[in-house]
Amino acid sequence: MKFTDQKVIITGGTRGLGRAASLAFLGEGARVQATYRGNEEAAEELRSLAGENAERLTLTRCDVSQEDQVNAFWEEIGDQPVSVLINNAGIRRDALLPLMGIADWQSVIDTNLTGGFLMSRGAVKNMLGQRYGRILFVTSPAGRVGFQGQTNYGASKAGQIGLTRSLCKEVASRGITVNCVSPGFIATELLDDLPEDLTREYKKSVPARRFGKPEEVAAALLFLASSDAAYINGTTLEVAGGI
């Protein structure tokens, strides 16, 4: 129970990787506050899955791409000490660049990158006083190698890594670390809309010859969020089966 009584905030914490992370941290004794944009059904399903740990789970509707909503979120947190922030909220709007509309470009950047900036800004202000904190971004190999039809997504994920590298230098002296976990192809609903032939192609590209499990990503997040990882800062941990 490494996170007993620690407050852990997980954006996009009710579905996919976020759900796995929420359940993992609850299992380690944390008080988890999971945000979601609007899927009430998924939020209630997480509460049900949490079982007896649900008493330590708070569900908050918040669109991280909207500055006013994020500011209101942190105002409500107030003086409660936050130990861990996991910037997991993310979306995809795939299209070849010549066919990509500005709305699809902007929505991905706003959620994946600007949302992480806004949430991290609030977290840093909270963590500075306690001289301790863990900020994690769930990024993607798309930010390193790129994938066809994902210029917006790849740019947002590369931006998260750049943000991490800069922010870690600003806050390291205050006991705050900032790192990324980079999941490869993980079996979540984020991949549900991929065409069957593309799914087969992606699976063949993974040396492990399978998609990962959300729980395998959650395990990496647990480690980097723990006090054991105090000297790991500004890095990206790949959980990608060898891609």
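The model is predicted, so local features need pLDDT of at least 70, side-chain atom pairs count only at pLDDT 80 or more, and totals for chains, interfaces and linings use all residues. Residues are numbered from 1 along each chain as its sequence is written, and side-chain values use heavy atoms, with hydrogens and water left out.

Start with the helices. Two packed helices are described by the angle between their axes and the distance between the axes. Helices (DSSP runs of H or I, at least four residues) and strands (runs of E, at least two) are numbered from the N terminus. Axes are lines fitted to C-alpha atoms, for helices over the stretch in contact, and angles run from 0 to 180 degrees between N-to-C directions.

Take α1 (16-27). The crossing of α1 and α2 is right-handed. R19, S22, L23 and L26 of α1 meet A42, E45, L46, L49 and A50 of α2. Contact here means heavy atoms within 4.5 Å. By class, this contact has six nonpolar, one polar and two charged residues. Ala, Val, Leu, Ile, Met, Phe, Trp, Tyr, Cys and Pro count as nonpolar, Asp, Glu, Lys and Arg as charged, and the others, Gly among them, as polar.

α1 also packs against helix α7 (residues 214-224), where the axes come within 8 Å and cross at roughly 55°. α1 and α7 are therefore oblique to each other. This crossing is right-handed. On the α1 side the contact uses G16, L17, A20, A21, A24 and F25, and on the α7 side P214, E215, V217, A218, L221 and L222. The classes are 10 nonpolar, one polar and one charged.

Now move to helix α3 (residues 67-77) and helix α4 (residues 102-130). They pack at an angle of about 25°, with their axes 9 Å apart. α3 and α4 are therefore roughly parallel to each other. Their crossing is right-handed. E67, V70, N71, F73, W74 and I77 of α3 touch L118, M119, R121, G122, A123 and N126 of α4. Seven of these residues are nonpolar, three polar and two charged.

Next come the spaces. They are found on a 1 Å grid over the protein atoms alone: a cavity is a set of points where a 1.4 Å probe fits but cannot get out, a pocket is an open set with protein on both sides within 12 Å along at least five of seven lines, and lining residues have an atom within 4 Å of a point. Grid points are joined across faces, edges and corners, and a volume is the space filled by probe spheres set on the points.

The whole structure has one cavity of 30 Å³ or more. The largest cavity holds about 50 Å³ of space. Helix α4 gives the largest share of its lining, five residues. M119 is one of the lining residues. By class, the lining has four nonpolar, eight polar and no charged residues.

The largest pocket has a volume of about 950 Å³. It is lined by 42 residues, and the closest to its centre are N88, A89, G90, I91 and L190. Helix α1 returns here, with the largest share of the lining, three residues. The lining divides into 19 nonpolar, 15 polar and eight charged residues.

The second largest pocket has a volume of about 230 Å³. Of its 14 lining residues, D94, Q148, G149, L198 and Y202 are the closest to its centre. Seven of the lining residues are nonpolar, three polar and four charged.

Technical notes. Angles under 35 degrees count as roughly parallel, over 145 as roughly antiparallel, 65 to 115 as roughly perpendicular and the rest as oblique. A crossing is left-handed if the near helix is turned anticlockwise from the far one by less than a right angle, and right-handed if clockwise.
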